Amino acid sequence: MNQEQNILTPRRNDQGETIKHEIKKYLSYWYWFVLGIILAFIGAYLYLRYTPKIYSSSAKIKILNKTKGLELPSSAFVFNRSNINLENEIEILKSYRIIEDVVKKLDLTVEYYEEGNILTTQIDQFPFKFTKTKSNDSIINFSSYKIVVKANEFQVFRGESDKAIVIPNHNSYNVNHNLPFELQFEHPSQVSASVDKTYLLKFIPVPTATRKLKSNINVNKLGKDSDLLTLSYSSQSRSLASTTINNVVEVFNNDGVTDRQQVSKRTIDFIDERFKYLAFELDSIEIGIKDFKKSNNIINIETDADLGLSQRTVSENQVFEVENQLVISDLLSDTMNQSDSDLLPANVGIDNANINGLISQHNDLVFERNKLVTSAGENNPTVKILNDKLASVKSNIKTSLNSYELQLNATKQQLVRKNQKYAYQVSSLPLKEKLLRSRERQQAIKQSLYLFLLQKREEAAINLAITEPSIKVVEYALSSGSPISPNSKNIYLFALVAGLFLPFASIYAYNLLDTKIKGKDDVTVRVGNIPILAELPRIKNNKNLVFDNPTDRSVQSEAFRILSANVNYIIPTGEDAMGKVIYCTSTIKGEGKTYVGINLSLALSSINKKVLLVGADLRNPQIHSYISKDKNLQGLSNYLHDDTLDWKRIVVRGFEKHPNHEILLSGDIPPNPTQLLTNGRFETLLNEAKQVYDYIIIDTAPTILVTDTLLISKHADATIYLLRADHTEKNLLEFSKNLSDSGKIKNMAYVINGVGSNKSYGYNYGYNYGYGSKN
């Protein structure tokens, strides 16, 4: 492989490489993700274990159309849409009045709980008989009771009190107490299952319980054009949730039925009130008709009219007959006055037997006398006797006629008066009929109204008895088999996401807030075209910082061999065969320039190059610590200060296996390092060393702290600028870049020290290939 390829020059990463790099950056912390997932799942398990289970119950109802009678087709009918306002029905369903009725009906002012070691769960009822002796309306404050079941007794604690009210034999009916409830185990066999269990009882005022239920009841339309409503309610108790929903439906239905029944009830009440007045008025009218008929002798107008006309006719006939009798009597009287001996007319129509008898007797005597006169003459004594008898009979006839005429006149007068009476009765009948008809019309009106109201009352009674429901229950309340809260699938899914997200967020935040460089990517985006010679792996074992064996095959030694090869490509080529001067510097203290300088010099020495390592950091020398030498040995500072001192006599050998490697220590720490480095002897040293060594590696001072390095930078053939991962601040890269751009540092290239395996491209794909351990 061409070694030139090992020089990491800045270039633009493609999208795939960027994504891969980002993924690798997080995968290096895989153990944090595993730990986060494990902790999240443990937290999810504990949450599910000790969180109350909430079950949901739902029902479906259809709102029935309450419109009655025939109606013209509306637009809703034409377009097959419901004319029921479901929004109004929803508001009625959730109205305070309806919910309050449900609360009172189900006694939701009382809540029951079973207390566990950690979790307290709501239940629908106690396992023993509980009877509330306090009315709902009398519950005006919150109160709670703790009931502990013992083997032979109940222990009841009021609120937070520690004083127990003991109820022996599990029966409060036999104990005098002031508790608002009664407790009893109805069967002794039930006690064993509840011994040492604790139950909580809470009393809630009706308004609070109503608002609580109202807020938890959800009513929604099933579809956009549907008449169906879905009611849902959540509770820790499945049975309580179902019972509550069913009772809301029932109360809502009964409320609608009651509304329609109110019309029928009010109709019946109104008719009953009217019946009283109508009955009184009918009685008054009927009594008036009775009195009117009684006072006017009326039974029936038509009958009375016929009877009056017939009586009048009979009366007129009787008058006519009487007048005939009077005429006949007058004619008979005139006949008798005209002749004393002639026969009197018999059977002329006289309706009097006595007169007719006297006339017959008179005519018989006339016949007898006439016979005697013819035979015996008028002077015959018998004739005379007969004449006397005739005179007597005739006198009697006249007397009878006079009496008869007087009787007839009297009878005529009576008949005339009676006829006048009948005529008056007949003539007064229209007025009586009018008056009677008026009374009968009032009676008919009242009677028809009475019958009409009676019919309507029966109709209202029938409607009251068969009032149709206001809703149709499509589906009664069904409780979910598994709890809706907490949802184990969602909780574990959330735990998985949280277990991944929290480490990711922490790492992201750490990386975002971390201003230290991590690898070459952090450098390339800021330094432009300045090359990066190598990324040196982080050495965990600080005892093996220097490889003193030229044949070492460790990752560290191979990294520095690659660095040594890459350094040759930044050193300008020339015709002279003199040694090359390589500076090792950094921005701040602790970035590893001494460590890199030593190992770079050893790497070059391992390939049979003569190398001199010079400690030019006169202010803080560190090379002696790597070779276990006394820092007070004579070195560079002594040479720069003493013109008579030969540097060749003060070089040392620090590594036995590197015969081509020599070191010129820093020497004593001078008070004026800047003056010493610029007095000309340092340049002389380099010129002399170039004649002897192939490479002169100079460990210089940090550039941002002092100007020592910048003053001698012109003597370098190449400058290795050290950066250290997780140590060098990113904003310091601008300082080093400016040094290179301004020419203050000559032929500069970066080396990134202490890069982890997850940050170094070369480390993953180069250093680990076949180099697992030292030979």
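Which residue just after α5 takes a positive phi? Select Asp107: its phi is about 55°. Before going further, note that this is a predicted model, in which local features need pLDDT of at least 70 and side-chain atom pairs count only at pLDDT 80 or more, while totals for chains, interfaces and linings use all residues. Residues are numbered from 1 along each chain as its sequence is written, and side-chain values use heavy atoms, with hydrogens and water left out.

**Whole chain**

Show the protein chain: its secondary structure comes to 21 helices and 19 strands. Helices (H or I, at least four residues) and strands (E, at least two) are DSSP runs, numbered from the N terminus. Of the 775 residues, 42% are buried (under 20% relative accessible area, with a 1.4 Å probe and protein chains only; exposed is over 50% and partly exposed lies in between).

**Helix α5**

Select residues 96-106, which form helix α5. Its buried residues are Ile98, Ile99, Val102 and Val103. Viewed down the axis of α5, these buried residues fall within an arc of 140°, so they line one face of the helix (the arc is that of the directions from the helix axis to the C-beta atoms). An α-helix has 3.6 residues a turn, so residues three or four places apart point the same way.

**Thr244**

Next, select Thr244 in helix α7, residues 238-296. Thr244 is buried, with a relative accessible area of 0%. Leaving aside residues up to four places away in sequence, Thr244 touches Val102, Leu106, Leu213 and Tyr233 (contact means heavy atoms within 4.5 Å). A polar atom of the Thr244 side chain lies 2.6 Å from the backbone oxygen of Leu240.

**Phe154**

Move to strand β6, residues 153-158, and select Phe154. Phe154 is buried, with a relative accessible area of 0%.

**Helices α13 and α14**

Finally, select residues 555-567 (α13) and 593-605 (α14). These helices pack at an angle of about 80°, with their axes 8 Å apart (axes are lines fitted to C-alpha atoms, for helices over the stretch in contact, and angles run from 0 to 180 degrees between N-to-C directions). The two are therefore roughly perpendicular to each other, a term for angles of 65 to 115 degrees. Among the residues making the contact are Phe560 and Leu563 of α13 and Tyr595 and Leu600 of α14.

Conventions: A polar contact is a pair of N or O atoms within 3.5 Å; within protein, one must be able to donate a hydrogen and the other to accept it, and residues adjacent in sequence count only if both atoms are side-chain atoms. Angles under 35 degrees count as roughly parallel, over 145 as roughly antiparallel, 65 to 115 as roughly perpendicular and the rest as oblique.
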